[in-house]
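The entries below follow the order of my look-ups.

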Amino acid sequence: MLRYLPFLLILALWIYAFIDCLNTPENEVRGLPKLAWVFVILLFGEVLVGPVAWLVAGRPRARTRPARQRWVAPDDNPEFLRSLRPDEDGPKG
């Protein structure tokens, strides 16, 4: 079983790079057009040149996360306070 491990690792990297390339929007791909990267990954996948080239040169840089909004306590949040307007019908009971 251990003799198949290198083959399985190469296959896993090949599949990962291929799916990652397909899921990447066209305007975020670097270096070559997306279709060219798909061919490079498929043609040179067995020798790891295609998938490694995609990960190094074609994949978009790490995406930065949008800034998180600071948590605001309910009594300081104007939107929450506006939502607490009294009912127009008045108290029921």
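Where is the place of E26? I found E26 in the loop between α1 (5–23) and α2 (34–43). Helices here are DSSP runs of H or I, at least four residues, numbered from the N terminus.

I note the ground rules. This is a predicted model, where local features need pLDDT of at least 70, side-chain atom pairs count only at pLDDT 80 or more, and totals for chains, interfaces and linings use all residues. Residues are numbered from 1 along each chain as its sequence is written, and side-chain values use heavy atoms, with hydrogens and water left out.

Back to E26. I read a relative accessible area of 47% for E26, so E26 is partly exposed (buried is under 20%, exposed over 50%, partly exposed in between; 1.4 Å probe, protein chains only). E26 touches P33 and K34, leaving aside residues up to four places away in sequence. Contact means heavy atoms within 4.5 Å.

Next, aromatics. How many aromatic pairs does a search of the whole structure find? I got 1. The ring centres of W37 and W54 are 5.7 Å apart with planes at 70 degrees, so the pair is edge-to-face (centres within 6.5 Å, six-membered ring for Trp, planes over 60 degrees apart). W37 sits in α2 and W54 in α3 (residues 49–58), so the pair ties together parts 17 residues apart in sequence. Both W37 and W54 are buried.

Last, helix packing. I have α1 and α3 at about 45 degrees, axes 9 Å apart. Axes are lines fitted to C-alpha atoms over the stretch in contact, and angles run from 0 to 180 degrees between N-to-C directions. The contact includes W14 and Y16 of α1 and W54 of α3.

Note on methods: Helices (H or I, at least four residues) and strands (E, at least two) are DSSP runs, numbered from the N terminus. Rings of Phe, Tyr and Trp (its six-membered ring) pair if their centres lie within 6.5 Å; planes under 30 degrees apart count as stacked, over 60 as edge-to-face and the rest as tilted.
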